Amino acid sequence: MQTLDLAWTEKYRPANLSQVIGETPIVERLKGFVKTGNFPNMIFAGAAGIGKTTCAIAMARELYGDATNESFLELNASDSRGIDVIRGRVKEFARTLSLNSGAVKIIFLDEADALTPEAQHALRRTMEKYSATTRFIFSANYANKIIEPIQSRCVVLRFKPLKEEDMREYIKRVAKGEKLDISEKAVEALIYVSDGDLRKLTNVLQSAAVMSEKIGEKEIYDIAARARPKEITSMLKYALDGNFVEARNELNKLFLNYGMGGEDILLQAYRESLEMDINDRLKLKLIAAIGDYNFRIVEGANEKIQIESMLARLALLASEK
């Protein structure tokens, strides 16, 4: 059984670009920037947990070595959203000279799409003024939320969710390093619940290792508060067959056994609906219903009532056949 001495997300964070898993085209381009020492401002765009921050830190370590702390500034823009931070800390760091002779400094703004428009406009002027000494890397889940004047001054690198083989390679690396006893079904469950997010995968795996010496499928789903795919599919099939009572019983299990929220259930339902062996017209109606009730829950409606309403709506489809 493992102890929580160090977060594995940091323990297994790549020390250099060669250790980064996946994102091969982007990694190769960053290696080229490191080799020449010359690179543009960049936007790292993509979902959470797929390597944006890791690549920025790994690139900085290769560029600056022991002087990384003096030449690389990392800020979380969701915590520092306002214009005062841009005028203060960012501008102060940008105007100071780098300790590495001839090397430009890097300011890395994580979750940059959370910056207010006013802060982004102030940042644009800072980028222009200190372009000779400082480069900016913006990390964003949604690049379109960054104002156009900043986008036009950056190269956009779009990160993709990790492939299954990449995640398997990473799980193998951690399992070897921590001497974990993990079953193949648990590996498959990890890949399923993480959905391409390596940070989430790592946190679930570490939590499972703390709770059990032998990691199985059940531990992974329990910790992730996710249902097995067959449980979601079973609920949907009961509803589509007109058996509302059994569909409702399956829903209650999801709420009680896993503590899942309404949005989580609908997200998994959408994911499984794409793989269900039903005719295309029925599948379209199912996806439309999931989208409709997801919107209602996001708007504040009661989760349980809305999902039961969706199951009732699906059950009514059976009577129309």
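Here are some numbered notes on this structure, written as a walk from the whole chain down to single residues.

1. **What you are looking at.** Keep in mind that this is a predicted model. The protein chain folds into 16 helices and 7 strands. If you follow the C-alpha trace along its principal axes, the chain spans about 75 × 45 × 30 Å. There are 321 residues in the chain, and 49% of them count as buried.

2. **Helix 8, end to end.** Helix 8 covers residues 164-178. With 15 residues at 1.5 Å a residue, helix 8 should span 21 Å, and the distance between its end C-alpha atoms is 21 Å, so the two agree.

3. **Helix 8, side to side.** Which residues of helix 8 are buried? They are D166, M167, Y170, I171, V174, A175 and E178. Looking down the axis of helix 8, you would see its buried residues fall within an arc of 170°, so they line one face of the helix. Over on the other side of helix 8, you can pick out E165, K172 and K176, which are exposed.

4. **A residue in strand 4.** Now try finding I137, which sits in strand 4. Is I137 buried or exposed? I137 is buried, because its relative accessible area is 1% and the cut-off for buried is under 20%. Have a look at L109 too: I137 and L109 are 28 residues apart in sequence, yet their C-alpha atoms are 6.3 Å apart in space.

5. **Salt bridges, starting with a local one.** The model has 15 salt bridges by the counting rule used here. One of them joins the side chains of E28 and K31, with N and O 3.8 Å apart. Both residues belong to helix 2 (residues 24-36), and they are 3 residues apart, which is about one turn of the helix. E28 is partly exposed at 46% relative accessible area, and K31 is partly exposed too, at 28%.

6. **A salt bridge between two helices.** Next, look at R248 and E308, a salt bridge whose closest N and O atoms are 3.1 Å apart. R248 is in helix 13 (residues 244-258) and E308 is in helix 16 (residues 303-319), so this pair ties together parts that are 60 residues apart in sequence.

7. R313 is partly exposed, with a relative accessible area of 32%, and D292 is partly exposed at 27%. Elsewhere, salt bridges that share partners join R124, E128 and R153 into one network.

8. **The largest pocket.** The largest pocket has a volume of about 560 Å³. Its lining is made of 28 residues, and those nearest its centre are R13, G49, G51, T54 and R199. Several elements each supply at least two residues of this lining, including helix 1 (8-11), helix 3 (52-64), strand 2 (72-76) and helix 10 (198-211). Sorted by class, the lining of the largest pocket has 10 nonpolar, 10 polar and 8 charged residues.

9. **The second largest pocket.** This pocket has a volume of about 470 Å³. It is lined by 18 residues, of which A47, A48, D195, D197 and L267 are the closest to its centre. Helix 9 (184-194) and helix 14 (262-273) each supply at least two lining residues. Which helix gives the most to the lining of the second largest pocket? Helix 14 does, with 5 residues. By class, the lining of the second largest pocket has 8 nonpolar, 4 polar and 6 charged residues.

Key
Residues numbered from 1 in each chain as written. Predicted model: local features only at pLDDT ≥ 70, side-chain atom pairs only at ≥ 80, totals over all residues. Heavy atoms only, no water. Salt bridge = Lys/Arg side-chain N within 4 Å of Asp/Glu carboxyl O. Helix = DSSP H or I, 4+ residues; strand = E, 2+ residues; numbered from the N terminus. Buried < 20%, exposed > 50% of the residue type's maximum accessible area, 1.4 Å probe, protein only. 1 Å grid on protein atoms, 1.4 Å probe; cavity = no way out; pocket = protein on both sides within 12 Å on 5 of 7 lines; lining within 4 Å. Points joined across faces, edges and corners; volume = space filled by probe spheres on them. Nonpolar A, V, L, I, M, F, W, Y, C, P; charged D, E, K, R; others polar. Expected span 1.5 Å × (residues − 1). Arc of directions from axis to C-beta.
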